[in-house]
Amino acid sequence: MKDLTRYRNIGIFAHVDAGKTTTTERILKLTGKIHKIGEVHEGAATTDFMEQEQERGITIQSAATTCFWNDHQLNIIDTPGHVDFTIEVYRSLKVLDGGIGVFCASGGVEPQSETNWRYANDSEVARIIYINKLDRTGADYYRVVKQVEKVLAAKPLVMVLPIGVEENFSGVVDLLTRKAWVWDDSGDPKNYEIKDVPADMKDDVEKWREKLIELAVEQDDTLMEKYLEGEELTIEEINYCIRKGTRDLAFFPTYCGSSFKNKGVQLVLNAVVDYLPNPMEVKPQPEVDLEGEATGDFAIVDPEKPLRALAFKIMDDRFGALTFTRLYSGTLTKGDTILNTATGKTERVSRLVEMHADSREEINSAQAGDIIAIVGMKNVQTGHTLCDPKNPATLEPMVFPDPVISISVKPKIKGGDEKMAMALIKMVQEDPSFHMVTDEESGETILKGMGELHLDIKVDILKRTHGIEVEVGKPQVAYRESITKRLEDSYIHKKQSGGSGQYAKIDYVIEPGEPTTGFQFESKVVGGSVPREYWTAVEKGFESSIGKGVLAGFPCVDLKFTLLSGGFHPVDSSALAFEIAAKAAYRQTIPKAGPQLLEPIMNVDVFTPDDYMGDVIGDLNRRRGMMKSQETGGMGARIKADVPLSEMFGYIGDLRTMTSGRGQFSMSFSHYAPCPSNVAEEVIKEAKERQAAA
C-alpha cells in the first residue's frame, strides 16, 4: 500500500511564454527523471512532444509525468498557456490537488494568467506562486507581487527575496531560514552554495520575514498569541501555519527564480512538498445521480473504498487510445472489469501505464490518489466516471464551453471523406471543446472550435498526424437568433385522409426569455382542453424547432413558450398531431415576434507598449469594440474591451504590425448581443446565398 501523505498531484499553469514548460524541464532534471534538459526554443522540451508544439514553442495539450523529490511522488501536469487551449487547463485543474502558478517577472500578471487563476479558484486548488525570468531586462519581483494582490485579488505570502536583478540575478534569500541560496554561472542547477544573507539585504529580510510570520500565524490562535507575546516561533510552527493557510486558500506562498538559468527551482520543489496538500487533504469529490443532482455522498480518498475514477483526457497515439484517469477512491488492477456510468457499459482493463510525457511505463495496479492512463478503452469520453460495477456511482461531471468559431473542410483527394471522418472522430474524442458536424443542406463537414489558432492546429494535426490534406473554408461565426416581442397566438392542425385523421389545437404565448436561459416551456392548461399526456409532445415539437431560426437558420435562444389551452378530438388526436402542431406554430409565430440576430461578443485583453496605445484603442473602436478599462504599468499598457468575434479575424497580425511585433492579446467568449442592423442584413444575405447554393 502506498503512503498517500507522500503524494502531490500538481499542475503548472500560466500565460503564454511565462516559462511553464521550461520550469517543468528543470523539475524533471532536478528529480532525476531526465538527464539532459530540453529547451522549448530548440523544440526539445520533454512535455512538448507534438510537432506543432515544438515548431511554435507553445504547449497545446497538457502532458502528464511522474517524478520524485525528497521521498515524495509528484504527479505533474504541464498545461497550455494559450487562451484557445484553456479547456486543457480547466480539465487538468479538475483532477489536481495543487498547482504552481508561473508568472513572468517582466510581463507580470498577463491576461491568460487571470483566466487560469479564476479556473483554479473555481476548482478550489491550492497554489504556490513562482515568479520566473528574474534574469530578464525589466524584471521586477516586487511589482509582480503587487500585481498579484491587485489584479488577482490574491494574498501572496512572500517566502524569498531575489539577490540581484536582471543580468545580476544570482540567487534568493529564504526568509524562514535567513539563508542565501547562490548559484554560479555554470548553468548546472546543482551548483549552488547556501550562505549568510548579504549585508545590504539584512534589513529587507527582517522586514519581509516579519510580514510573512504575521500573515501565517493568523491561521492558528494559539501560535498567534505566542507570537504577539514576543516568543520566537520555531520553523516547524511557522511551516504548520503556512501549510494550513495554503490548503485553505488564505494565501499563496510566493517564490522567484530563473528556470532558464537554473536558479531557484529547488525551493519551489521544497514548497510543493512542504505546503501543497496530499490527496487526502483536499475536499472529497461529490457524487451525483443520473440527472446531475448531488446525492450527498462523496468519493473518499481511500484505497479500501469502492472504485471511483474520473476520465479527464483521451489521447490517441501510436500505441492506441489512452484514457488519462484520476483515481479518487479504491484500487484499479490490470484485468479488472469497470463500469462507465455515462454509457452503462462495462469494460475490461487490459493495460495500465504511468505516463512520462509521450513515453510510458507499464504498471499492474493503481490506487486512490494516482493519475494514470488506461490503454484501449473503447467507449470512454472526457468527464466519464469509471467505477466498481457492484457499487456504481457518478462523480460531478465536467462542463465545457460551446465553440464560437467554425470552418468548413473537405479533403483535397477525391474519395478521402471516410478517412477524414475517422480521423476527426478521434480528434473530437480527445478534445471536448472541438466539435464536428455535417451541414444537412450542403453536406459540408463543419469544424467548430474556441478560436482561430485552435482550428488552425486541428487542420495541421489532420495533415501531419493523419496524412489528410484539406481545403479550408473561411471562418464562420456562431451567430444565434432570438425574439423581441411577446405574442399570443393559436394554431390548429387538422388532416383527414380516410379512416382516422389528425387533430390538434393549441393556444399559446411565445415571449423572450432572460439571457442565457435557453428554452423554457410551461403549461397553464386547466380543465383538460389539452390532455396532460400531450403536453410533452407540444414541448418536444417546440424544442426540436428552435435549432433553426427564421432569419438565417441559426439556433434560436432565450425564448419561453407557454401553453394556455387548446382543443382535441377523442379519436383523431395523438401525441404526434400535437407535436406537428407545435412545429407549425413555431414557424407561424416566430416571424411575427420581432426576430433578431445575436452575435458572440468576446472579452479582449490587449497588452501593448505605451507608444502604441492610441493606435490600438482606435483600432478596437473601428472593430466596434466597447472599452472597459485601460491601465498603464512599467512594461506597457493593458486594454480590456468587449469586441464582436466577427471583427477579430486576423487580429494578431494587425496587432503585431501596429506595435512592431510587441503587442499580445488574449480573447475569450463573453456573451451574445444583438447585431447592428447593417451587420445583420449582411449575415442574413450570406446565409441565404449559402442555402440557395446548397
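Visitor: What is the relative accessible area of serine 670?
Guide: Residues are sorted by relative accessible area: under 20% is buried, over 50% is exposed, and the range in between is partly exposed (1.4 Å probe, protein chains only). Serine 670 falls in the partly exposed class, because its relative accessible area is 28%.

Visitor: What kind of model is this?
Guide: Residues are numbered from 1 along each chain as its sequence is written, and side-chain values use heavy atoms, with hydrogens and water left out. Local features need pLDDT of at least 70, side-chain atom pairs count only at pLDDT 80 or more, and totals for chains, interfaces and linings use all residues, since the model is predicted.

Visitor: Which residues does serine 670 touch, not counting those up to four places away in sequence?
Guide: Serine 670 is in strand E38, residues 664-674; strands (E, at least two residues) and helices (H or I, at least four) are DSSP runs numbered from the N terminus. Contact means heavy atoms within 4.5 Å. By that test, and with residues up to four places away left out, serine 670 touches Ile601, Met602, Asn603 and Asp642.

Visitor: How many helices and strands are in the chain, and what share of its residues is buried?
Guide: The chain holds 16 helices and 38 strands. Of its 694 residues, the share that counts as buried is 54%.

Visitor: Among contacts between residues at least 6 apart in sequence, what share joins residues at least 24 apart?
Guide: One spacing of this kind is between serine 670 and valine 643, which are 27 residues apart along the chain with C-alpha atoms separated by 9.3 Å. Over the chain, of the contacts between residues at least 6 apart, the share joining residues at least 24 apart is 71%.

Visitor: How far apart are the C-alpha atoms of isoleucine 446 and glutamine 476?
Guide: Isoleucine 446 and glutamine 476 are 30 residues apart along the chain. The separation of their C-alpha atoms is 9.6 Å.

Visitor: How are helices H14 and H15 oriented to each other?
Guide: Axes are lines fitted to C-alpha atoms (for helices over the stretch in contact), and angles run from 0 to 180 degrees between N-to-C directions. H14 (residues 613-622) and H15 (residues 651-658) pack at about 150 degrees, with axes 10 Å apart. Angles under 35 degrees count as roughly parallel, over 145 as roughly antiparallel, 65 to 115 as roughly perpendicular and the rest as oblique. H14 and H15 are therefore roughly antiparallel.

Visitor: Which term describes the orientation of H12 and H13?
Guide: The axes of H12 (residues 535-545) and H13 (residues 575-589) come within 7 Å and cross at roughly 40 degrees. H12 and H13 are therefore called oblique.

Visitor: How many charged residues are in the contact of H12 with H13?
Guide: Residues of H12 in this contact include Ala537, Lys540 and Phe542, while those of H13 include Phe578, Glu579 and Lys583. Ala, Val, Leu, Ile, Met, Phe, Trp, Tyr, Cys and Pro count as nonpolar, Asp, Glu, Lys and Arg as charged, and the others, Gly among them, as polar. The contact has eight nonpolar and three polar residues, and its charged residues number three.

Visitor: Which residue of E34 is the bridge partner of tyrosine 508?
Guide: E32 (residues 502-512) and E34 (residues 559-567) run antiparallel, with eight bridges. In E32, tyrosine 508 is also the bridge partner of aspartate 489. Its partner in E34 is leucine 563.

Definitions and conventions
Pairing = 2+ DSSP bridges.
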